[in-house]
Amino acid sequence: MVRSTLAKTTKTGITAIMAGAMLTGSSIAYAQNADPAGDPAASTPAPPVTSAPEAAASSENPVDPLYGNINPFYGNISPFWGTINPFYGNIEPFWGTINPFYGNITPFWGTINPFTQDANSVAPAWGTIQPFWESVGQRWNTASTKMDRGQFWSAAQDLKAIAAESESIWGDAVTSATGQSFADAFLNPLYAKYGIDPNQHGSLASLSEGDRAQFFMDWFDGLMNFSGTDRVDHWMHTANWAPSITQQQGSGEHTVIGILDANISGDIDLEDNIIAQTGFKSNVSGHGIGVASLIVAAHDGAGVMGIAPNAKVALHNPFDHTGTTNWNDVRNGINALKVRGASVINMSLGAPGYTFAPEWVDVFGHVSTEWHRDNTAYVLAAGNDGVTQTQDVEWGSAQGTNFLVVGSVAPDGNISTFSNRPGEACLLVNGSCNGGDYLKNNFVVAPGELLLVSDGQGGTVRRTGTSFAAPLVSGAIALLHDRWPWLASNPETSIEIIKRSAQDLGEEGVDGVYGHGLLDITASQSPLDFGSNLRFFEERNGSYVEHSAASLQAAGIQSTWETDEVHFVLYEYVGTSVRDFAVPLSSLVSGSMTTYYGAQQQYQNFLTQGLTDFISGGNSGSGNDSGGLLGFTDVAQYTTPDRGGWQMSIAAASPAAYLTGETGDVPHSAIRAAAPGSKLGFTAGHGYGAMALTSEGGFGLSTDYATDGGVNPLLALASGGSFFATDYSLSKATKVSLGYTSRDEAAIDNPVYRDTSRLALLGRENYKAGAMNLRVTHQASKNVSLSVNYTRLREDNALLAVQGENGLLRDGSNSETLTFSGTAQLPEKITVSASATAGRTKTAGSDQILSTSNGGVMTSAFALTATKNSVLGSRDRLRLSVSQPMHIERGELQLASAEIVDRATGEIGTVNRSFGIDQNKRLITGEMIYAAPLAGDAGEVSFFGRATMGDETDERSGIVAGARLSLQF
């Protein structure tokens, strides 16, 4: 038998390996739990198989097919080479939603928090780690630039400064963990590894760009090992995974993963997951440890986090002391793992020069393994030769095997230079591709460059290669089998889910480079398509009611779901199987467990946003009286996943106004935080304060809450600046909130006043106003909600937005309003909302030149909307509204002036002259909006019309109409 040794081979060794793939040799007579001193007895010929050699830098450099002396920073292999720096520079794979230096990382919200440190930890607080790496990153870039220029003495001084800063932040943590000084435990060993002596600046001259990048990466990883937290890595963002996903999906506790790889020893964390470890006893330089850690490393506040940390591992080692194996051993290993109950088997091994070697047919088509065809999902590493497969493979007896080949991508999603690719190779049946399958249809990619893995000695190390992309896919399948145990015996459906949920890369559709695309773990644990193959069951007070997708979208998000603790159970039909999802639509149950059909399940909070988006026709909803929930809104809103009971909502509108400075279009942004159980909430932002403080049912447009809108327009006089509010639930049905909104901008004119005598009162000072709003909302029944608002408005130098010159309104005015609103959900998918406001305004101060009299100025406003879903089709919607903006019912002003009051004596006195400001004609606005999706959700068509009737001198009177067509590409 030929076994090609692969440890630390040179260029000559590579040639031997390539030749070995074509040689016949003797396979071993396999014995379980064997610990052979040499090769066992020979029998059937088989070519050698190697653990997928990890990304050779070039044929001129020393190469270890596992990793060994490979320099992963060489050439195009590494995204961190040269000017590409993960900490600071042109490309930061950690920048954005995933940043390993910062604690508030949205994708990791959940009760599993990788950033939570022990209260007694001496590790640096996360608040200091972020600025530390920013500072050190800048220093290192400066030092590296100096080395490029040959300024080694100056670069050495920068290196000393980095060391001093590192010791000041990390010294105590290093000493506490090692019992040694910072220099002895960390600094000096790292310098020695790279031959660096800062006092001998010439030692820096021997470092290549790749060496420098790797040195700084080691510096980063070395210190982060003392952070007292689980490590965040770039692959998590690229593969769309977060610890909270694993927690909610079950973390693999009821799954057995088979790993066909080298032994796991020396890592107590991983050994806790091992239920069986058979085969040879060789360690093969920690290859198996690195692979296993990506799947099952514990979320324990240290080191690597695995995708399925509680899964059981059955491991079989087919590699002897030379680090090689053969196809017979591979086949025997599969059988050994199946004996232990493995439903998914990870095989980070292969023959050089192939993405999928022809000999795999002999493995999967053998009589001893065909028994496992219907209950095993196989995951294979593609290999690291950088080749595109051109050779077809006669599939024959292996037909029906469910497998995926996994290639590697960089953090930016581009295929790794070293990764093998499927090309247009075919799995032939009887010599023909007709009736067979293309290899690319069984191919996906996953992150495989510089992944942080366990080193087997209690620390971490970075590895590169398809060997480390494959276990990410295996971990995702393990989560599927844990949440839905019946999928363990349905590998075809398991693999279909992974392929259909992958992010399409490269050419549109399945292609010869990326196959089905990039592994998306969150998408694989979610419904593949909310719009089809789903059944929707609403759970309310212990009973389930089924809805169709069309009826859900037609009715929109219901305001009662929040208070009634509603959640949905979704059933998805995939292939020949089904999946169920428990999705909370109320924050009162979010983060807890549910029991349905006799099973205890974690609510899948990460699906809430997707379901609300689908129901709302693409508009995100929050479940807290947002008008957008009924389908018509100009304020986009996003609600984050639950984080230990807390939830955040972020809203925005008119972002272009920030960039263009358009004062006519108020930019709006808001954030809301809700405490566990939503008893207490906080809102703050800038922009549509009136809308944020009083949003009601069907009033989802910002114009409803404007100064010429019908929903409490007096509050809108103080809207446009900063606002904040707090709300508290008195009971499941009743909530009270208190908020404040402000405005400070250039002088404005209230359109109520139009005659020449009133225009003379306009001033030039900034208009300033602030308002407090007290609101009580009550869910009167399942379909009816009511609210009452009391508003106290203060205008510093104006009366109902009219400003006076020469101190006429120097003390400003105060207004009080009372607003009653309500929303009712009627039959035939109709929702009606109404609002009515009464207000009174008085000038402030007793000696103001212009003042109110006879009880002040009385105003009114109202608005009424009706929204109908499914008008002409199943998913269109229509909104009709009528409103009256602020109307002065009665009011009288007094102007104090100095005049001669006695013509005989010439005495001068104060004379008060009164004039009424009543409005004779009421302004009424009617509006219609209709929207319908285009076929296949390719876009939307909408129509708009508005008619305003009032005094002919009012410039707001008239008719406006329009249409809009939007297409998605």
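Asp221, Arg231, Asp233 and Arg462 are joined in a network of salt bridges, a salt bridge being a side-chain nitrogen of Lys or Arg within 4 Å of a carboxyl oxygen of Asp or Glu. The model is predicted, so local features need pLDDT of at least 70 and side-chain atom pairs count only at pLDDT 80 or more, while totals for chains, interfaces and linings use all residues. Residues are numbered from 1 along each chain as its sequence is written, and side-chain values use heavy atoms, with hydrogens and water left out.

**Salt bridges**

Side chains of opposite charge can pair when their charged atoms come close. A search of the whole structure turns up 20 salt bridges. Here are three of them.

| Salt bridge | N to O distance |
|---|---|
| arginine 212 – aspartate 148 | 2.5 Å |
| glutamate 696 – arginine 775 | 3.0 Å |
| arginine 879 – glutamate 927 | 3.5 Å |

Let us start with the salt bridge between arginine 212 and aspartate 148. Arginine 212 belongs to helix α5 (residues 209–224) and aspartate 148 to helix α2 (residues 126–148), so the pair ties together parts that are 64 residues apart in sequence. Helices here are DSSP runs of H or I with at least four residues, strands are runs of E with at least two, and both are numbered from the N terminus. Arginine 212 is buried, at a relative accessible area of 6%, whereas aspartate 148 is partly exposed at 49%. Buried means under 20% relative accessible area, exposed means over 50%, and partly exposed lies in between (1.4 Å probe, protein chains only).

Next comes the salt bridge of glutamate 696 with arginine 775. This pair links distant parts of the chain, 79 residues apart: glutamate 696 is in the loop between α19 (689–694) and α20 (713–716), and arginine 775 is in strand β30 (residues 767–781). Glutamate 696 is buried with a relative accessible area of 3%, and arginine 775 is buried with 6%.

Arginine 879 is in strand β37 (residues 877–902) and glutamate 927 in strand β39 (residues 924–933), 48 residues apart. Both arginine 879 and glutamate 927 are buried.

**Aromatic pairs**

Rings of Phe, Tyr and Trp (its six-membered ring) pair if their centres lie within 6.5 Å; planes under 30 degrees apart count as stacked, over 60 as edge-to-face and the rest as tilted. By this rule the whole structure holds 26 aromatic pairs. Phenylalanine 186 and tryptophan 219 are edge-to-face, 5.6 Å centre to centre with 90° between the planes. Phenylalanine 186 lies in helix α4 (residues 182–194) and tryptophan 219 in helix α5, so this pair ties together parts that are 33 residues apart in sequence. Phenylalanine 186 and tryptophan 219 are both buried.

Tyrosine 194 and phenylalanine 215 also form an edge-to-face pair, at 5.4 Å centre to centre and 80° between the planes. Tyrosine 194 sits in helix α4 and phenylalanine 215 in helix α5, 21 residues apart. Tyrosine 194 is buried with a relative accessible area of 12%, and phenylalanine 215 is buried with 0%. One aromatic cluster includes Phe186, Tyr194, Phe215 and Trp219 among its members.

**A buried helix and paired strands**

Ten of the ten residues of helix α9 (residues 287–296) are buried, so α9 is largely enclosed by the rest of the structure. Among them are His287, Ile289 and Val296.

Strand β27 (residues 680–686) pairs with strand β26 (residues 668–674) in the antiparallel sense over six bridges; two strands pair if DSSP finds at least two bridges between them. Seven bridges join β27 to strand β28 (residues 722–729), again antiparallel.
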